Amino acid sequence: MRILYFGTSTFAIPALTALIEHRYPVVGVVTQPDRPAGRGGQLTSPPVKTVAMEVGLPVLQPESCRAPEFLEAARALTPELNVVAAYGQFLPDPLRLLPPLGAVNLHGSLLPKYRGASPIQRALWNGETTTGVCLMWMVREMDAGDVIACAETPIAPEDTGGTLTARLADLAADLLLRWLPVIAAGN
């Protein structure tokens, strides 16, 4: 199953690493463009790009994933499934529907709660005691597709955005690996 992987932040690294370690054919990684960061405004690569480059995966960094030249580049990679984790752009229909198996998203909350951006931080801000991750089919609306599976974890009083993000990212990677064979079988 040829996978085109979309991710930007550290949340997306464990799932990408798991795909690589389990020898899933990742045909390319799509991430946000390098951006200025820090006091000096030095151009900085997204964390996912760094991981992809270390293992020699092709990296695409479109300003817009709606750009015709990017869509053509994605088409040329002939993915069978798009996997998205904390990418940061909405996938338009031509991109979402490109692979025969469709597109799945790893979302950092127990849907339908905390759809959209910053679900981990919002769970902390709202004093939740439990959260989790969901693997879902992507549809035209944000975080509204059918949920394939979820995994829960408690939120400890000492959890921060960083500790919870790391734990949820690992849960997301495990969830993806458990369900990829089912998705590949068309079930």
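A: Buried means under 20% relative accessible area, and exposed means over 50%. Please note that this is a predicted model.

Q: Understood. Which residues of helix 6 are buried?
A: Helix 6 has a list of buried residues that includes Leu-164, Leu-168, Ala-172, Leu-176, Leu-180 and Ile-183.

Q: How many residues does helix 6 have, and what is its reach?
A: Helix 6 covers residues 161-184, which makes 24 residues. From its first C-alpha to its last it reaches 33 Å, close to the expected 34 Å.

Q: Where does the kink in helix 6 lie?
A: The kink is at Arg-178, shortly before the proline Pro-181, and amounts to about 30°.

Q: And what follows helix 6?
A: Gly-186 follows, with a positive phi near 80°.

Q: Turning to helix 3, which residues are buried there?
A: In helix 3, residues 68-76, the buried ones are Phe-70, Leu-71 and Ala-74. Because they cover an arc of only 100° around the axis, they sit on the same side of helix 3.

Q: What do those buried residues pack against?
A: They pack against strand 1 (3-7), strand 2 (26-30), strand 5 (59-60) and helix 4 (93-96). On the other side of helix 3, Pro-68, Glu-69 and Ala-76 are exposed.

Q: A change of topic: what volume does the largest pocket have, and which residues lie nearest its centre?
A: Its volume is about 600 Å³. The lining consists of 27 residues, and Ala-86, Tyr-87, Gly-88, His-107 and Gly-116 lie nearest the centre. Strand 7 (103-107) and helix 5 (119-125) each supply at least two residues of that lining.

Key. Residues are numbered from 1 along each chain as its sequence is written. This is a predicted model: local features need pLDDT of at least 70, side-chain atom pairs count only at pLDDT 80 or more; totals for chains, interfaces and linings use all residues. Side-chain values use heavy atoms; hydrogens and water are left out. Buried means under 20% relative accessible area, exposed over 50%, partly exposed in between (1.4 Å probe, protein chains only). Helices (H or I, at least four residues) and strands (E, at least two) are DSSP runs, numbered from the N terminus. The arc is that of the directions from the helix axis to the C-beta atoms. Contact means heavy atoms within 4.5 Å. The expected span of a helix is 1.5 Å times one less than its number of residues. The bend at a residue is the angle between axes fitted to the seven residues ending there and the seven starting there. On a 1 Å grid over the protein atoms alone, a cavity is a set of points where a 1.4 Å probe fits but cannot get out, and a pocket is an open set with protein on both sides within 12 Å along at least five of seven lines; lining residues have an atom within 4 Å of a point. Grid points are joined across faces, edges and corners, and a volume is the space filled by probe spheres set on the points.
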